[in-house]
Amino acid sequence: MSEQAQKPYMLHESSYVDQPATIGDGTQIWHFCHISAHTSIGENCRIGQNVFVAPHVQIGNNVKIQNNVSVYEGVILEDYVFCGPSMVFTNVKTPRCEYPRNTSGDYLTTRVKKGASIGANATVVCGTTIGERAFIGAGSVVTKDVPDYAMVYGNPAQIQGWACACGEVMVKKDATELHCDRCGTHLNLK
């Protein structure tokens, strides 16, 4: 029986997983990826081509990471997070080549909560939290925390509206009430 046949996940032959690492059933790791030791990846994730996952990263279940993304130490991706192609996470607030900051104590935590989506080429500055089901527009630069369901874009990213869990833009009914015409969800911003 081949080594791949024994794994509960799919690993392309051009990719590497350093041990120890935990990878859940049904996860697919595509071409030219490097998964570092001491990393935890949940079930049914899709890791696209040329993705790097640093040591001690935590990735939940059903996460999709598109091509050319580096998930650096200090990043936590909860369940159902989407990372668009070539988006960027940072992990040190003030990097210097002459004075390296490359120990676990130097890395700030970045948390992307359940169901959030980050568009292609967006940058997420370390130490921020992206709220549940928030939507980060393509090319945006996130420099501060993003509330649950917020739709942000720009440089720096600013709240431009609100996104439903189903992915539709929510309609504002009054100062604090939002409604989704597609699925009927109501949200109160209080």
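Select His179 to begin; this residue sits in strand β24. Strands here (E, at least two residues), like helices (H or I, at least four residues), are DSSP runs, numbered from the N terminus. The model is predicted, with local features needing pLDDT of at least 70 and side-chain atom pairs counting only at pLDDT 80 or more, while totals for chains, interfaces and linings use all residues. Residues are numbered from 1 along each chain as its sequence is written, and side-chain values use heavy atoms, with hydrogens and water left out.

**Stop 1: around His179**

Is His179 buried or exposed? With a relative accessibility of 13%, His179 is buried. The term buried means under 20% relative accessible area, exposed means over 50%, and partly exposed is in between (1.4 Å probe, protein chains only).

Now show the side chain of Asp181. Its partner in a polar contact, at 3.5 Å, is the side chain of His179. A polar contact is a pair of N or O atoms within 3.5 Å; within protein, one must be able to donate a hydrogen and the other to accept it, and residues adjacent in sequence count only if both atoms are side-chain atoms.

Next select Val171, which stands opposite His179 of β24. Strands β23 and β24 (residues 177–179) are paired in the antiparallel sense over two bridges. Two strands count as paired if DSSP finds at least two bridges between them.

**Stop 2: the nine-stranded sheet**

Which strands make up the other open sheet, and in what order? Select β1-β4-β7-β10-β13-β16-β19-β21-β22: these nine strands form an open sheet in that order, and the pairing is mixed. The edge positions belong to β1 (10–11) and β22 (158–162); each has a single partner strand, so one side of each is left without a neighbour in the sheet.

For a detail, select Lys64 and Phe82. Lys64 stands opposite Phe82, which is in β13. Their strands, β10 (residues 64–65) and β13 (residues 82–83), pair in the parallel sense over two bridges.

**Stop 3: an aromatic pair**

Select Phe52 and Tyr72. Rings of Phe, Tyr and Trp (its six-membered ring) pair if their centres lie within 6.5 Å; planes under 30 degrees apart count as stacked, over 60 as edge-to-face and the rest as tilted. By this rule there is one aromatic pair. Phe52 and Tyr72 form this tilted pair, with 6.3 Å from centre to centre and 55 degrees between the planes. The pair links distant parts of the chain, 20 residues apart: Phe52 is in strand β8 (residues 52–53) and Tyr72 is in the loop between β11 (70–71) and β12 (75–77). Phe52 is partly exposed, at 26% relative accessible area. Tyr72 is also partly exposed, at 31%.

**Stop 4: loops**

Select Thr128, in the loop between β17 (123–124) and β18 (129–130). Thr128 is buried, with 2% relative accessibility. Its side chain reaches the backbone oxygen of Val125 at 2.9 Å.

Move to Pro20, in the loop between β2 (16–17) and β3 (22–23). Gln19 and Pro20 are joined by a cis peptide bond, with omega about 5 degrees. Then select Pro156, in the loop between β21 (150–153) and β22. A cis peptide bond joins Asn155 to Pro156, with omega about 0 degrees.

Where is Asn68? Look in the loop between β10 and β11. Asn68 is not a glycine, yet has a positive phi of about 65 degrees. Asn68 is partly exposed, at 41% relative accessible area.

Ser86 lies in the loop between β13 and β14 (88–89). Ser86, which is not a glycine, has a positive phi of about 60 degrees. At 27% relative accessibility, Ser86 is partly exposed.
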